[in-house]
Amino acid sequence: MDETCAHILDPIPDEQYLEARDATGGKPAGVRFLAFNTIIDIEAYGEAAACRAAFEEARALCRLYERLFSRTLPHSDIARINSAHGQPVAIDPLTYDLLERALSYCAESEGAFDITVGPAVRLWNFHEGTVPDDGALAEAVRHVDWHALRLWKTPAVTAAESDADAATEAVPGFETVPEPKACFAQLADPDAAVDAGGIAKGWIADALVAAMEAHGLSGTIVNLGGNVAVSGTKPTGDPWRVGIRDPRDPSQLIGAVPLVAGSAVTSGVYERCFTAPDGTFYHHILDPRTGRPVETDVAGVTVICEKSIDAEGFSTTLLALGLKRGLALARRHPEILQAFFIAPDGTITNAR
């Protein structure tokens with residue numbers, strides 16, 4: 001991260017909220033807190049001390065990731081890229097990795113996913129139910145094009161090479177270790193804006209599962225509000241079960257998917273939405289080409305992959321493409337183990 005911002009910790013909404021419980025009665029230990037404008041639930045089986053240490057690390061990692069990836073925290077890497085008016089910005093290697101992966105999903109999405117949709121996203125307020133002006137949206141989408149985001153790293157140099165006055169002879173018995181590469185991002189269009197909201201939770205879920213596994217836990221489930229990743233099993237040997245919501249009543253389930261390892265991510269038009277006074281229904285999954293909610297014949301899609309970032313990267317795209325094109329894309333990608341398309345009437349179609 002840029003040295004001028006590395007020491008600045010933007011306050012995160014409800015950062016102090018925390019609920020934790022030890023395992024009891026056969027139920028796993030668990031922790032709940034808020035991050036990324038989402039309720040985070042993590043459960044685990046293992047030694048009590050190991051669970052508590054793992055939960056503490058997971059919460060600390062979420063704070064780190066939010067302060068890097070948030071669009072709204074002013075000193076995050078994403079916010080600094082967006083406010084740089086087209087100038088290069090030094091970013092954390094973690095942010096570089098996230099953005100590099102995001103660009104690959106943009107390329108695979110047939111135009112349905114674009115990480116630079118930020119100019120359109122910031123015009124909508126789904127909490128207050130406000131619809132942007134047509135002219136403002138038309139202007140915003142002129143600046144939506146993921147090709148405008150450029151990422152690069154400086155070549156690695158040795159400590160001796162980085163010091164112009166360093167001795168030219170190597171010290172016997174000591175290996176010259178390269179310094180880490182510096183990472184940079186730049187938006188070719190000064191009015192473009194990155195929004196990592198459609199990909200970040202998948203990246204984060206994978207990182208949290210890896211961190212939890214390092215504590216030697218026998219089973220873990222991470223739920224980032226519709227993005228679920230698991231590792232291991234329950235003490236009974238049973239897999240975790242991830243529910244599929246009914247679009248007609250999101251408080252109810254119409255099915256469940258067993259998971260032993262991997263991730264299930266659901267995108268649905270019912271997640272953030274409102275109905276305007278004229279009766280028009282608006283949802284948060286925007287078409288990058290129009291800036292308006294995408295027109296689709298699918299109400300929800302649940303994607304199963306080994307990696308959560310794959311499930312996250314494809315779930316929104318499949319929903320936006322609709323049933324026919326979505327099925328075709330899912331069947332072209334072996335990393336998509338299963339994809340369940342849920343119609344508005346609750347009918348489920350499995351891509352496999």
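User: Which residues are buried in α3?

Analyst: This is a predicted model in which local features need pLDDT of at least 70, side-chain atom pairs count only at pLDDT 80 or more, and totals for chains, interfaces and linings use all residues. Residues are numbered from 1 along each chain as its sequence is written, and side-chain values use heavy atoms, with hydrogens and water left out. Helices (H or I, at least four residues) and strands (E, at least two) are DSSP runs, numbered from the N terminus, while buried means under 20% relative accessible area, exposed over 50% and partly exposed in between, with a 1.4 Å probe and protein chains only. On that basis, the buried residues of α3 are Thr95, Tyr96, Leu98, Leu99, Ala102, Leu103, Tyr105 and Cys106.

User: How far apart are the end C-alpha atoms of helix α3 (residues 93–108)?

Analyst: The expected span of a helix is 1.5 Å times one less than its number of residues. The 16 residues of α3 should therefore span 22 Å, which agrees with the distance between the end C-alpha atoms, 23 Å.

User: Is Tyr45 buried or exposed?

Analyst: Tyr45 belongs to strand β3, residues 38–45. Because its relative accessibility is 11%, Tyr45 counts as buried.

User: Which residue has its backbone oxygen 2.9 Å from a polar atom of the Arg67 side chain?

Analyst: Arg67 is part of helix α1, residues 48–69, and counts as buried because its relative accessibility is 13%. The residue whose backbone oxygen lies 2.9 Å from a polar atom of that side chain is Asp10.

Conventions: A polar contact is a pair of N or O atoms within 3.5 Å; within protein, one must be able to donate a hydrogen and the other to accept it, and residues adjacent in sequence count only if both atoms are side-chain atoms.
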